[in-house]
Amino acid sequence: MTEILIAGGAVMGASVAFWLTRLDPGLKPLVIEPDPSYATSSTALSAAGIRSQFTNAVNVEISRFGIDFIRDFAAATGPAGGVPDLGLRENGYLFLTGTATGALTLENLAAMQRECGAATEVLDPAELRRRFPWMNVDDLTAGSFGPRDEGFFDNMGLLAGLKAAARAAGAVWITDRVTGFERDGDRVIAAQLEKGGRRQADVFVNCAGPRCAALMRSMDLDLPVEPRKRTVFFVDAPEARHPDAPLICDPLGIWCRPEHGQWLAATVPATDGPCGEDDFEPEHALWEDEVWPALYNRAEGFGAAKVLRLWAGHYAFNTLDQNAILGRNPQVPNFYHANGFSGHGLQQAPAVGRGIAEQIVHGDWRTLDLSPLGVQRVLDGQPFAEAAIV
């Protein structure tokens with residue numbers, strides 16, 4: 001039997017394990033996850049959205065697969081998954097722009113997205129005002145909106161169902177941390193565990209999120225991924241109760257979306273850069289300096305907004321091109337990557353997990369051609385950029 005070791009057991013590792021047991025019921029992947037509570041995992045701290053509005057087609061196709069999987073989650077995972085519904089709310093995403101060039105870009109991207117099966121519409125200011133009468137549109141030229149197949153869902157439900165279904169099929173989770181890999185020429189032969197010593201396997205998968213590059217350095221290999229901190233604010237705005245609002249990506253540099261009668265909101269810090277792997281201290285000043293002024297500019301109802309709580313999570317940020325790094329590593333062909341998602345890993349987990357499993361079981365991608373996101377472009381230093389990073 002082929003022995004497969006997966007470093008990282010949050011949503012990406014769980015998805016790989018799930019699909020491996022589906023594609024080859026004889027496989028019993030071993031998943032090494034340091035924290036079964038997932039308290040600081042990117043999965044748990046995610047904004048839990050899915051969208052088709054990306055700037056390259058492969059990411060749109062990944063989301064098209066993902067939305068069907070999420071919508072029919074109980075059927076996909078079966079009774080063993082134990083999660084009957086992921087509570088999908090198709091509020092959509094709304095990308096706003098205030099320039100003529102930006103409006104043209106949204107039109108071109110929407111045409112590409114529709115060719116992939118998305119429903120993206122581009123709205124002028126009058127249409128934006130009609131659809132979202134509470135919103136200030138005076139500084140806008142256009143907005144692209146996904147009226148279906150985009151929205152928010154239960155992030156931890158996705159993880160729990162994938163993990164339960166994988167374990168029921170024979171996958172094994174161990175509470176430990178992979179601290180490095182041992183390499184012999186062009187093969188990886190073992191993983192070093194923090195508590196459990198040396199574990200050999202035939203195949204290894206790096207699903208270690210923001211810590212993935214450190215594991216590669218243990219083999220003297222590079223990966224252009226670093227942890228970047230994102231502070232999320234949970235906001236009460238009693239004069240801005242809009243539960244049907246989409247996730248809004250504002251040209252002033254913030255995003256916001258409704259959440260159980262309140263709002264989630266965040267921004268990219270002006271001094272964005274790498275953070276410590278254990279640095280989860282929220283950046284409180286971002287609220288007064290950047291987030292609240294942008295919210296108030298977009299809707300006066302945010303004048304009475306109050307932060308109820310806040311937290312910080314990490315993006316596994318791909319410094320080369322902000323796109324995922326996927327699949328077999330040509331330098332060590334028994335080693336596979338699911339890394340560098342730059343903030344959109346949760347929504348991509350269903351399709352990526354299947355793709356990695358297909359490469360391991362069948363030798364190549366099958367359901368979706370994920371080769372544009374392959375490791376070779378990283379080795380060649382050839383970016384395949386994704387511009388729609390939220």
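Which residue of β19 is the bridge partner of Asn 329? The first view answers this; like the other views, it shows a predicted model.

View 1. Val 332 in β19 is the bridge partner of Asn 329. Strand β18 covers residues 325-329, and strand β19 covers residues 332-339. The two strands pair in the antiparallel sense, with 5 bridges between them. A hairpin of 2 residues leads from β18 to β19. Strand β18 is mostly covered, with 4 of its 5 residues buried.

**View 2. Ile 356 and its surroundings.** Ile 356 belongs to helix α9. Its relative accessibility is 0%, so Ile 356 counts as buried. Leaving aside residues up to four places away in sequence, Ile 356 touches Val 16, Val 205, Leu 326, Gly 327, Tyr 336, His 337, Ala 338 and Trp 365. Ser 15 is 341 residues away from Ile 356 along the chain, yet their C-alpha atoms are separated by 9.3 Å.

**View 3. The crossing of α2 and α9.** Helix α2 spans residues 57-71 and helix α9 spans residues 345-362. Their axes come within 7 Å and cross at roughly 100°. Helix α2 contributes Asn 59, Ile 62, Ser 63, Phe 65, Gly 66 and Phe 69 to the contact. From α9 come Gln 347, Gln 348, Pro 350, Ala 351 and Arg 354. By class, this contact has 5 nonpolar, 5 polar and 1 charged residues.

**View 4. Aromatic pairs.** A pair of aromatic rings is described by the distance of the centres and the angle of the planes. The whole structure holds 15 aromatic pairs. One of them joins Phe 18 and Phe 69, edge-to-face, at 6.1 Å centre to centre and 75° between the planes. Phe 18 sits in helix α1 (residues 11-23) and Phe 69 in helix α2, so the pair links distant parts of the chain, 51 residues apart. Both residues, Phe 18 and Phe 69, are buried. Trp 263 and Phe 302 have ring centres 5.1 Å apart and planes at 70°, so this pair is edge-to-face. Trp 263 lies in strand β16 (residues 262-267), while Phe 302 lies in the loop between α8 and β17. The pair therefore ties together parts that are 39 residues apart in sequence. Trp 263 and Phe 302 are buried.

**View 5. A cluster of rings.** Phe 18, Trp 19, Phe 65, Phe 69 and Phe 73 are linked by ring pairs into a cluster.

View 6. Strands of a sheet pair through backbone hydrogen bonds, either parallel or antiparallel. Here 8 strands form an open sheet, in the order β5-β6-β4-β14-β15-β16-β13-β17, with mixed pairing. At the edges stand β5 (121-123) and β17, each with a single partner strand, so one side of each is left without a neighbour in the sheet. From one strand to the next, the twist averages 20°. Within the sheet, strand β13 (residues 225-236) pairs with β16 in the antiparallel sense over 4 bridges. Phe 233 stands opposite Ala 265 in β16. Helix α8 lies across β4 (93-97), β13, β15 (254-259), β16 and β17. The helix runs at about 120° to β16.

How values were computed:
Residues numbered from 1 in each chain as written. Predicted model: local features only at pLDDT ≥ 70, side-chain atom pairs only at ≥ 80, totals over all residues. Heavy atoms only, no water. Buried < 20%, exposed > 50% of the residue type's maximum accessible area, 1.4 Å probe, protein only. Pairing = 2+ DSSP bridges. Axes fitted to C-alpha atoms, helices over the stretch in contact; angles between N-to-C directions. Contact = heavy atoms within 4.5 Å. Nonpolar A, V, L, I, M, F, W, Y, C, P; charged D, E, K, R; others polar. Phe/Tyr/Trp six-rings, centres within 6.5 Å; stacked < 30°, edge-to-face > 60°.
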